[in-house]
Amino acid sequence: MLGDPRTVRVTGDKTAAVHRRTDDADAEQRPEDYQDKPIPEAYVWSNLTSGNGARALWLLLLPFMVVNLAHWMRPNARSRKRTVRLYGVLVRLVGLTLTVLLVAAACEVALDLTAWQCAGTRACAEQRSWLGFLAPDASGGGGWWTRPGRRLALAALVPGALTGLLWYLSQRTWSAYESQQPLPHQSEPEEDTRRSALSKPGFWYGRRLVARLRAAHTAAGLLTVAAAVATSAAQFDRRAGGPAVLDVLGRLLEATLVAGALVVVWVVCRRGRSESKLDRHLDRAVITALPLAALGLLVLAVLYAAWDRPGWVSEGRLPGSQTFGGIALVQGLLVVTLAVVARVLYRSSPVAGTALRGLGGPCVAMLACALGGVMSGGIAQRVADWLDGGGTPGEGGTLLEGPPVLLSWQAAVIPVVLVVVVFLVGLFGVRTWQRRRLEIEDVPGDYPDEPLDTVRTRRIAGARARAALTDHAPVLIGIVSAVTLALGLAALVGGWGTGKVPGAAFADEPGFVRGTAQTAQALGSWVIGFAFILFVTWGRRAYRDPSARRTIGILWDVGTFWPRAAHPFAPPCYAERAVPDLTWRMATWTRTPGRRLVISGHSQGSVLAAAAAWQLSPSVRKRVALLTYGSPLQRLYGRWFPAHFGPSALTSLHREVDCWRNLHRPTDPIGGPIGLTGECGPAVDHAPLKDPLAYGRTASHPLPAPILGHGDYQADPVFATERTALLARLRPGSVPPQGSGERADSGDPQGSSGRSSG
């Protein structure tokens, strides 16, 4: 980014830092050398998203990241504070169900499939020598650990450890990211702040909410494990003639678990984000007492289940297998309610271009639930097949009953979803081909006086047509989400209505129906298993390979830009470190009279640049110019996050900074024009840049010029021209000021940001 291999870090640490060329390291001490030229700097933040190998573990948190995005996709709204708050509460509740789903999947694997079914079946346990000490002998007796309750108590260590790991990851990243102090500044007048919440003092400081949600979700996970352990024992104790003391203790424990669950829901719903001020307060009682109380209930549940109960044997599935159906039902109701609320908000203040007319958030929340279901179902299905020795659990001739039948029904609908996706991809392919034909007619007009080259024209037209596919993403996501919701309801009805896996449920039907059900079940099981293996392989490769980790980092650039407002176990928000870094650097530089700067940002870096500029005081903002290129500010963020990057917010930013110029190409699949209306449009957006720079071979381009697409905007002469014009505009009068410039680089061509100025 600096164009010089000799660089030095001037401020920051190994995670994120500002760099200069070595020759510019002492520029402040030599002002006479910089009277008519800028001091370039680069802000490097790549380690925030793709640093060490531990980042690969973030793949496990993908559903949590997706549901967190749904929170920020709220439609723009005014004078509907209660409805806005209801939207946030619903998304947080969806996030809570995802935590319960993940822990319930771990309980299914460890408690039901392993400790209850396999260890309780001699034929299965004999094939797994490591389960021998848990299996009863032929007479039904055995060692101390062979009792069902004690096997469950021991197996509870697995989901309990998973919950502890999630708590640890959230706590660790919370200390490293959310603890960063933003630049203190006063909240601006209401007519300005309501245009974009990103300008509020507490927007990038979410410690209080994350701490509360972390405590609630940790407690929810521990309570889920406690319920899985205690429910089966309590059900056995309620039989006729059972011990009255254990029956009473079981009922008291179950009532306490229900009360704990209600407290968790209350904590999640009670308080949202505090953005209007820098809220340093922590709810110590909640974040300490709630997880400890849940842990105490888990210990009591383990002790209760481990009590000796003569005659208790593990048969069939572990009681409580309807939990997955209940979670799916609650998620569906929450998503439908969220869609209604989103439509109400959108209709109160519609913004042109909003993705799916305000339903982007509910659709993404539905996809988060689907991802959670695929991950949990995939793990359960693979483990069940492994323990069963390759059979299909739940069907005749197998050792195990297998996981809950609902998981098999959910797997069976996956092929239908894939068919819909393939159809949509084919449809978009046809539209891309049609657009390519139109572009073939337009390309020669952009390169007049050039001899026609049919092959070259087709390549350029194809690049433009493929770049336009990005604009069809809302349609794809909307249709897939709707189909997923409908098929999820069908799976729920089928699982609850028949109590059998699809192949067994349609065994007596005509041949075509029976064959279709069996094929769907087999294909779904294979696909979900393949997805699980692919997921694990990708995570393993990302752990070892930095280049693969950077690929994941590109996905994380968008997914973890936003603060953790809906799920505390989502990957950490890197912007809560990057935005304060940039803001502090800009503010400290401009404290010296006469200093001004141009902050230039590429791709995701342009979003960081805008967010940092919003955090500056109005007087400082007027001494800053923006140069963005390959920017998704409107094409992605404006459409999917209209409440924060809508036209009014971007128009306000344009008016509050000294000047803003945006460069874009028709071949760029990510960046695009800002698209402001009125006089703001031409003032911000440059005309589309030519790509490639030369159609054929010329004196300046004797070899064929490449099609650059999203990268290497600096190679276009327009970039230097626009930057020079911004620097000249910032000079007060005819006296050139001291200048500083920064350009921030993420370390990969997909996400770079920074400042260059004078």
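These legends go with a set of close-up views of a predicted model.

**View 1. The disulfide between C118 and C124**. Here's a spot where two cysteines join up: the sulfur of C118 and the sulfur of C124 sit 1.9 Å apart. If the term is new to you, a disulfide is a covalent bond between the sulfur atoms of two cysteines. The count for this model comes to one disulfide. The torsion about the S-S bond is about -90 degrees, so this disulfide is left-handed. Is C118 buried or exposed? C118 is buried, with a relative accessible area of 0%, and C124 is buried too, also at 0%.

**View 2. R577 and its two salt-bridge partners, D13 and D581**. Start with D13, whose salt bridge to R577 has its closest N and O atoms 3.1 Å apart. This pair links distant parts of the chain, 564 residues apart: D13 lies in the loop between β1 (7-12) and β2 (17-21), while R577 belongs to helix α20 (residues 575-590). R577 and D581 are four residues apart in α20, so about one helical turn separates them. As for accessibility, R577 counts as buried at 9%, whereas D13 is partly exposed at 33% and D581 is partly exposed at 23%.

**View 3. A salt bridge between R20 and E41**. The side chains of R20 and E41 meet here, with an N to O distance of 2.6 Å. R20 sits in strand β2 and E41 in strand β3 (residues 40-44), so to speak a link between distant parts of the chain, 21 residues apart. Both R20 and E41 are buried. The model has 27 salt bridges in its count.

**View 4. Helix α13, largely enclosed by the rest of the structure**. This helix covers residues 405-412. How many of the eight residues of α13 are buried? Seven of them are, so the helix is largely enclosed by the rest of the structure. You can pick out the buried ones by name: V405, L406, L407, S408, W409, A411 and A412.

**View 5. S603 and its contact with H710**. S603 is found in strand β4, which runs over residues 596-603. With 3% relative accessibility, S603 counts as buried. What does the side chain of S603 make a polar contact with? The partner is the side chain of H710, at 3.0 Å.

Technical notes. Residues are numbered from 1 along each chain as its sequence is written. This is a predicted model: local features need pLDDT of at least 70, side-chain atom pairs count only at pLDDT 80 or more; totals for chains, interfaces and linings use all residues. Side-chain values use heavy atoms; hydrogens and water are left out. Helices (H or I, at least four residues) and strands (E, at least two) are DSSP runs, numbered from the N terminus. Buried means under 20% relative accessible area, exposed over 50%, partly exposed in between (1.4 Å probe, protein chains only). A polar contact is a pair of N or O atoms within 3.5 Å; within protein, one must be able to donate a hydrogen and the other to accept it, and residues adjacent in sequence count only if both atoms are side-chain atoms. A disulfide is a pair of cysteine sulfur atoms within 2.5 Å. A salt bridge is a side-chain nitrogen of Lys or Arg within 4 Å of a carboxyl oxygen of Asp or Glu.
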